[in-house]
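Let's take a friendly walk through a protein structure, one topic after another. Keep the sequence and the 3D view open beside you as you read.

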Amino acid sequence: MKIDVTKKILGVALLCMFFFLAGCGVFEGEQTMEQMDAPPEDAEMTDDLENVPGEETDEAEENAAEEGETEGEGDTEGEESTDAGQTVTRVLYLMDQSGLVVPQEVDLPAPQSKEVAKQVLEYLVKDGPVSSMLPNGFEAVLPAGTEIIDLNLESDGTIVVNVSEDFKTYQAEDEQKILESMTYTLTQFENVKRVKLWINGEEQAEMPVNGTPISEGYSRANGINVLQAKGIDLMESKATTLYFPMQGDNEVYYVPITQHVSVDKDNQFQSVVQALLNGPAYELNMQPYINTGSQLAAEPVMEDGVLSLTFNESILSNSEKSVIADEVMKSIVLTLTEQEGIDAVNVSIENHEEVMGENGQPYTEPVSRDMVTPTESI
């Protein structure tokens with residue numbers, strides 16, 4: 001009797017539990033065991049339960065440390081590695097919108113030490129890596145597709161440049177510009193004096209399209225943007241490279257012009273300075289930039305590689321503050337240090353104790369070329 005009562009009580013309890021679970025939806029619809037065990041649809045899956053988001057295991061930390069230690073490695077033996085993102089300023093001689101070959105300072109990725117000269121030439125190739133950094137109106141000069149196979153710097157300062165057959169695809173009218181661009185870009189390095197050309201391993205006695213002789217190499221002595229000035233006696237003059245400022249879209253750049261300058265036999269440097277004071281030739285279509293009336297107040301003096309120049313105060317852009325315009329100072333330094341034997345220029349103004357730059361910095365020491373444009377050896 002007691003057993004029957006217990007059975008009835010147990011049956012009623014089981015029935016109540018069934019209806020309770022059904023009301024909670026546990027048995028709503030038909031579900032397989034896989035469906036019941038499956039995670040919610042929006043749950044994030046992971047194969048490693050120990051690596052939950054926001055937590056990092058010791059193993060992961062060790063892997064990250066190893067990656068940090070090996071990042072940037074893998075260089076071949078004997079080569080120097082460089083830091084990703086590191087850059088170096090180089091001077092590339094590009095062609096401006098007037099067709100003149102002019103220097104432009106460009107920040108290039110820092111190369112392997114042995115690849116410095118090769119890199120600057122690669123950045124002279126049309127449609128090459130320089131394309132994304134060309135200022136408006138400027139273009140590279142080497143034919144598209146030109147490969148710089150290798151370079152060899154000889155003990156006398158001659159650098160032999162070996163290029164691919166694609167180099168031969170330029171137009172005849174661009175031959176001189178190509179020579180000037182290559183030569184001036186490479187001779188920015190102090191120990192490079194001249195350039196010789198090889199094509200696919202064969203030495204060239206002349207340029208392949210227009211036949212310019214190059215058997216003796218090409219140097220800055222050959223000039224750049226050569227101007228045949230009128231009314232100049234070639235026997236009484238000297239080919240000289242003068243630098244004149246030109247206003248670009250965003251900055252002033254300096255145009256080197258090689259022209260014959262009448263030589264003062266007693267002081268050739270005075271002739272060069274006077275040519276600068278005279279300004280660019282009319283046919284160059286460049287604006288005068290030195291104040292009218294500017295003159296040397298004394299003869300130039302050369303001593304221990306420093307050329308001292310004394311001007312009248314007309315050359316100043318602000319006489320009260322003794323300020324000389326930056327473009328005037330830079331053109332003087334670039335032009336005079338192009339002359340053999342001049343390492344720096346000291347500029348003074350009569351009746352003024354000191355000369356100031358536009359930024360207020362006094363020119364207390366002679367100004368060298370590498371103070372206005374980067375120089376180094378390779």
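## Charged pairs to start with

R369 and E338 form a salt bridge, with their closest N and O atoms 3.0 Å apart. Here a salt bridge is a side-chain nitrogen of Lys or Arg within 4 Å of a carboxyl oxygen of Asp or Glu. What you see is a predicted model, in which local features need pLDDT of at least 70 and side-chain atom pairs count only at pLDDT 80 or more, while totals for chains, interfaces and linings use all residues. Residues are numbered from 1 along each chain as its sequence is written, and side-chain values use heavy atoms, with hydrogens and water left out.

**Salt bridges**

- Side chains of opposite charge can pair when their charged atoms come close.
- The structure holds 4 salt bridges.
- Helices (H or I, at least four residues) and strands (E, at least two) are DSSP runs, numbered from the N terminus.
- R369 is buried, with a relative accessible area of 18%, whereas E338 is partly exposed at 21%. Buried means under 20% relative accessible area, exposed means over 50%, and partly exposed is in between (1.4 Å probe, protein chains only).
- Which residues are linked in a network of salt bridges? They are R220, E338 and R369.
- D156 forms a salt bridge with R194, and their closest N and O atoms are 3.9 Å apart. Because D156 sits in the loop between β3 (148-153) and β4 and R194 in strand β5 (residues 194-199), this pair ties together parts that are 38 residues apart in sequence.
- D156 is partly exposed, with a relative accessible area of 46%, and R194 also counts as partly exposed, at 27%.
- E165 forms a salt bridge with K168, with the closest N and O atoms 3.0 Å apart. E165 is partly exposed at 39% relative accessible area, and K168 is partly exposed at 37%.

- Which residues form a negative surface patch? The patch is made of E115, E122, E147 and D166.
- Patches are made of residues with over 30% relative accessible area and no salt bridge; like charges are joined within 9 Å, and nonpolar side chains (Val, Leu, Ile, Met, Phe, Trp, Tyr) within 5 Å.
- Lys and Arg count as positive and Asp and Glu as negative, while His and the chain ends are not counted.
- D166 lies in the loop between β4 (158-163) and α5 (175-186). With 37% relative accessibility, D166 counts as partly exposed.

**Aromatic pairs**

- A search of the whole structure finds 4 aromatic pairs. Rings of Phe, Tyr and Trp (its six-membered ring) pair if their centres lie within 6.5 Å; planes under 30 degrees apart count as stacked, over 60 as edge-to-face and the rest as tilted.
- One of them is the tilted pair of Y93 and Y184, at 5.4 Å centre to centre and with 55 degrees between the planes. This pair links distant parts of the chain: Y93 is in strand β1 (residues 87-95) and Y184 in helix α5, 91 residues apart.
- Are Y93 and Y184 buried or exposed? Y93 is buried, with a relative accessible area of 4%, and Y184 is buried too, at 0%.
- The rings of F244 and Y289 have centres 6.3 Å apart and planes at 70 degrees, so this pair is edge-to-face. F244 lies in strand β8 (residues 237-247) and Y289 in the loop between α6 (268-278) and β10 (301-303), so the pair ties together parts that are 45 residues apart in sequence.
- Both F244 and Y289 are buried.

**Positive phi angles in loops**

- N285 is not a glycine, yet its phi is positive, at about 55 degrees. You will find N285 in the loop between α6 and β10, where N285 is exposed, with a relative accessible area of 66%.
- N351 is not a glycine either, and has a positive phi of about 70 degrees. N351 is in the loop between β12 (344-349) and β13 (367-368), and is exposed, with a relative accessible area of 76%.

**A buried loop residue**

- I324 is found in the loop between β11 (306-311) and α7, and is buried, with a relative accessible area of 0%.
- I324 and Y363 are 39 residues apart in sequence and 9.9 Å apart in space, C-alpha to C-alpha.

Methods. Areas by Shrake-Rupley, 256 points an atom, 1.4 Å probe, with all protein chains shown as cover. Charge placed at Lys NZ, Arg CZ, Asp CG, Glu CD.
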